[in-house]
Amino acid sequence: MKKENLILLADAYKYAHHKFYYPGTTNIYSYLESRGGMFSETVFFGLQYILKEYLQGPAFNQVDLDEADEFLKQVFGRNDVFDCSKFQYILDKYNGHLPVRIKAVAEGTSVPTGNVLMTIENTDPECYWLTNFLETLLMQIWYPCTVATLSHEVKKVVTQYYEETAIPEAFGGISFVLNDFGFRGVSSVESAKIGGAAHLLSFAGSDNLAGSGMAIKYYHAQKVHGLSIPATEHSICTLLGEEGELEIFKHVLRSFPTGVIACVSDSFNIFRACSEYWGEDLKQEVLKRDGTLVIRPDSGDPVMTLLEIFKILFDKFGFTTNAKGYKVLPPQVRVIQGDGVNYTEIGVIYKALKANGISAENLVLGMGGALLQKVDRDTQKFALKCSSAVIDGKEVAVEKSPTEMDANGNITTSFKKSKGGRLKLVKTAEGYKTVHQDEQPELADQLQTVFENGHIVKEFTFEQVINTLNN
């Protein structure tokens, strides 16, 4: 399948910048950072996908260049914006290999916001314009980084409540608590792949097959990391109408007499389903199974609905009290909440369970649009900015420091203030810190060259990325 035309993968205003750069410019050095946002740390992940999919090898050919030349003449309605010779130079001299160097922190590293995560610069003085031409494409790393960060932060919340109320290895362990239900809710198959893989850095539960496929294809994953179970949907459980729901439930149990299965149970009345159908009519069959039935509510207020469901299930199936003093259903019964789940609500749900003496191990979660779609570049405030340049042979620090007016009418420095100079990321006793390239020479730069002149020079396996994040 033909790749996208790289020459056209930029914002339109980029095509005039080769003229706007001051005469004598021969080097542009830029850096990527997460300037702040919802979480205090950002997980770096997804660059290897972008490099492999779009930048490595001959990134474009003559057909691409000819196509772009005609296309961009129509975009601008003039012939003096897009300079075909700039790309022709790369094609003739480098056979379409991009003369840039990209350095980045190891994928899977969680770095406090406000630090450099990646740098890029041109390696040929004729291609000073190329560094920030690639910003549009490279900036899309915000997405896998943000999903990886969100999933990792959810894991912290889950871990906290497991430590307080549950046995960590209970019901498959923490890695199966948050399940990716987001494939249908994202804007594209590519988003499903990238976001799905990002989630798998922290959790193993996923219905998003594309994420596992991406991890194998682009990160040499040694196995399928996203695991799932047989589960019903409403089209199954409503086939015989309300009066036939019990019969459907019987069929579901008998379709998979062993192992973990999930059954959506709110098609008509979730509380009747729990108390009468599962808790009475099918109780003995459920308890005799060599496996677990996971009951799924899919509507209503998550906290109030779950509290009532657990009240019913404890009454019908009984419970034990674990070593931490919290109620636990028999191992044959669990609950999954997949409706209205987001980062904030997860904390609210587990807090309510704890307050009512219910162990976190009774509940697993499914997260869809809130995991893969309800994020944007500003969730972690990503930016890619030039911080150094060479003009007439002299290196100059480049930065911006805009002012803004606050709500009280005071003029202050914007959070968009950028860094100046060539940068490195070092690891001190206090954690990661961004310094100028010539500072603290005794500390190694955590930014490694991963791409140079069209070639990927450093790769990470998916297992390495997971280990980096979790260690």
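Helices H2 and H9 meet through a defined set of residues: Leu47, Gln48, Tyr49, Lys52 and Glu53 in H2 touch Met214, Lys217, Tyr218 and Tyr219 in H9. By class, the residues of this contact are five nonpolar, one polar and three charged. The model is predicted.

**Helix H2 against helix H9**

- H2 covers residues 47-55, and H9 covers residues 209-219.
- The two helices pack at an angle of about 65°, with their axes 10 Å apart.
- That angle makes H2 roughly perpendicular to H9, because 65 to 115 degrees counts as roughly perpendicular.
- The crossing of H2 past H9 is left-handed.

**Helix H8 against helix H9**

- H9 also packs with helix H8, which spans residues 189-199.
- Here the angle is about 80°, and the axes lie 7 Å apart.
- H8 and H9 are therefore roughly perpendicular to each other.
- H8 supplies Ala192, Lys193, Ile194, Gly196 and Ala197 to the contact.
- H9 supplies Ala210, Gly211, Met214, Ala215 and Tyr218.
- The contact of H8 with H9 counts seven nonpolar, two polar and one charged residues.

**Helix H11 against helix H12**

- H11 (residues 245-255) packs with H12 (residues 270-281) at an angle of about 55°.
- The axes of H11 and H12 are 11 Å apart.
- That angle makes H11 oblique to H12.
- H11 passes H12 in a right-handed crossing.
- On the H11 side, the contact residues are Glu245, Leu246, Phe249 and Leu253.
- On the H12 side, they are Arg272, Ala273, Tyr277, Trp278 and Asp281.
- Sorted by class, this contact of H11 with H12 has six nonpolar, no polar and three charged residues.

- S19 (residues 448-452) is joined to S20 by two bridges, and the two strands run antiparallel.
- Glu452 stands opposite His455 in S20.

- Ile295 has Val335 in S11 as its bridge partner.

**The S17-S18 hairpin**

- S17 and S18 form a hairpin, with two residues between them.
- Six bridges join S17 (residues 423-428) to S18 (residues 431-436), and the strands run antiparallel.
- Lys427 has Tyr432 in S18 as its bridge partner.

**The annotated span**

- An unreviewed UniProt entry lists residues 5-102 as "domain: Nicotinamide phosphoribosyltransferase N-terminal".
- In the model, the end C-alpha atoms of residues 5-102 lie 21 Å apart.
- This span is 40% helix and 16% strand.

Conventions:
Residues numbered from 1 in each chain as written. Predicted model: local features only at pLDDT ≥ 70, side-chain atom pairs only at ≥ 80, totals over all residues. Heavy atoms only, no water. UniProt positions renumbered as here; feature names shortened; annotations may be inferred. Helix = DSSP H or I, 4+ residues; strand = E, 2+ residues; numbered from the N terminus. Axes fitted to C-alpha atoms, helices over the stretch in contact; angles between N-to-C directions. Parallel < 35°, antiparallel > 145°, perpendicular 65-115°, else oblique. Left-handed = near helix turned anticlockwise from the far one by under 90°. Contact = heavy atoms within 4.5 Å. Nonpolar A, V, L, I, M, F, W, Y, C, P; charged D, E, K, R; others polar. Pairing = 2+ DSSP bridges.
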